[in-house]
Amino acid sequence: MGLAQTLSLEGARNNIKVNTIAPIAASRMLASVLPEDILREFKPSYVAALVVCLCHESCQDSGATFELGAGWYSKVRWE
């Protein structure tokens, strides 16, 4: 996250935005520890939706961290 913060500051002068995501999505690795009914809720497409939003030219966020999974999104606020 520190690298993303630095890159967002450095990229600002060239209108380059950098954000960090901390996703959880269904994968083969999680299949061994989570039941199938819960894995169905962690679709990778839910993660992709936020990534597309962050890549859009109207996105004003830069240097932010987002936690997401199962259709739930949260912007982390560090204090």
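## Ser8 and its surroundings

Ser8 touches Ile16, Val18, Ser62 and Gly63 when residues up to four places away in sequence are not counted, a contact being a pair of heavy atoms within 4.5 Å. This is a predicted model, in which local features need a pLDDT of at least 70 and side-chain atom pairs count only at pLDDT 80 or more, while totals for chains, interfaces and linings use all residues. Residues are numbered from 1 along each chain as its sequence is written, and side-chain values use heavy atoms, with hydrogens and water left out.

Ser8 lies in helix H1, which covers residues 2–11; helices (H or I, at least four residues) and strands (E, at least two) are DSSP runs numbered from the N terminus. Ser8 counts as buried because its relative accessibility is 8%, where buried means under 20% relative accessible area, exposed over 50%, and partly exposed in between, with a 1.4 Å probe and protein chains only. Although Ser8 and Ala64 are 56 residues apart along the chain, their C-alpha atoms are separated by 8.9 Å.

## Thr65 in strand E2

Thr65 belongs to strand E2, made up of residues 65–69, and with a relative accessibility of 7% it counts as buried. Once neighbours within four places in sequence are set aside, Thr65 is in contact with Met1, Thr20, Ser74, Lys75, Val76 and Trp78.

## The overall fold

The protein has four helices and three strands, and along the sequence they follow the pattern α-β-α-α-α-β-β. The radius of gyration is 15 Å, well over the 12 Å that the globule rule gives for 79 residues, so the protein is more spread out than a compact globule; this radius is taken over C-alpha atoms, and the rule is 2.2 Å times the number of residues to the power 0.38. Taken along the principal axes, the C-alpha atoms fill a box of roughly 45 × 25 × 20 Å.

Of the 79 residues, 24% count as buried. Among contacts with a separation of 6 or more, 55% come from residues 24 or more positions apart.

## The largest pocket

The lining of the largest pocket includes Asn15, Lys17, Val51 and His56; a pocket is an open set of points on a 1 Å grid over the protein atoms alone, where a 1.4 Å probe fits, with protein on both sides within 12 Å along at least five of seven lines, and lining residues have an atom within 4 Å of a point. Helix H4 (residues 44–55) gives the most to this lining, with three residues.
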